[in-house]
Amino acid sequence: MLILLACTAPVDTGTDLTVWSGTVSLDRTTTIPNGEVLQIEPGTQVLMGPEVSLVIGGTLDARGTEEEPIVFGRLDPDEAWAGVVFNRPSTPATFTDLDRFEAGSILEYAELSGATRALTLDGASPYLHAL
């Protein structure tokens with residue numbers, strides 16, 4: 001179950017897919033469980049409250065662009081958020097031809113600022129590009 005509080009962006013919640021766009025504000029730790037997918041659209045701002053984490057146990061599909069990066073930052077300018085955490089059993093990235101992303105978790109063209117520990121990989125292997 002995904003818990004979003006104080007969300008100011010359109011959120012489409014389906015059985016397996018949640019889509020974030022615009023500005024999303026989180027005031028408590030949010031977990032994407034195994035079997036669920038969180039898709040974050042290019043240009044989205046994800047503002048995290050003090051000590052709040054985004055924990056990925058399923059799949060994160062967060063593909064910003066050079067022109068429209070995904071921005072993770074502080075909801076409260078004076079207090080750090082915790083970070084984005086990829087846990088086992090989050091969906092590992094898979095590739096074709098050794099260098100072409102095919103499927104799995106991806107975080108691409110994203111800015112992470114104001115966190116205690118912006119990114120943690122705990123037994124997980126997402127594709128990370130242009131952070």
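Which residues form a nonpolar patch on the surface? In this predicted model, the patch is made of Leu 121, Leu 128 and Leu 131, and together these residues have about 240 Å² of accessible area. Because its relative accessibility is 30%, and partly exposed lies between under 20% for buried and over 50% for exposed, Leu 128 counts as partly exposed.

Stepping back to the whole chain, the fold is described by 16 strands and 0 helices. The protein chain has 131 residues, of which 37% count as buried. Its accessible surface comes to about 6,700 Å², with carbon and sulfur atoms accounting for 49% of that area. Contacts across the sequence are also worth a look: among those between residues at least 6 apart, 55% join residues at least 24 apart.

The interior comes next. In soluble globular proteins, nonpolar side chains tend to be buried together. Here, the largest nonpolar core holds 21 residues, and the members touching the most others are Trp 20, Ile 40, Leu 54, Leu 60 and Phe 72. Two or more residues of this core come from each of several strands, among them E3 (23–26), E5 (37–40), E6 (45–48) and E7 (53–56). Strands E8 (59–63), E9 (70–74) and E10 (83–87) likewise give two or more residues to the core.

Note on methods
Residues numbered from 1 in each chain as written. Predicted model: local features only at pLDDT ≥ 70, side-chain atom pairs only at ≥ 80, totals over all residues. Heavy atoms only, no water. Core = buried A, V, L, I, M, F, W, Y, C linked by side-chain atoms within 4.5 Å. Buried < 20%, exposed > 50% of the residue type's maximum accessible area, 1.4 Å probe, protein only. Helix = DSSP H or I, 4+ residues; strand = E, 2+ residues; numbered from the N terminus. Patch = residues over 30% accessible without salt bridge, like charges linked within 9 Å, V, L, I, M, F, W, Y side chains within 5 Å. Areas by Shrake-Rupley, 256 points an atom, 1.4 Å probe, with all protein chains shown as cover. Salt bridge = Lys/Arg side-chain N within 4 Å of Asp/Glu carboxyl O. Contact = heavy atoms within 4.5 Å.
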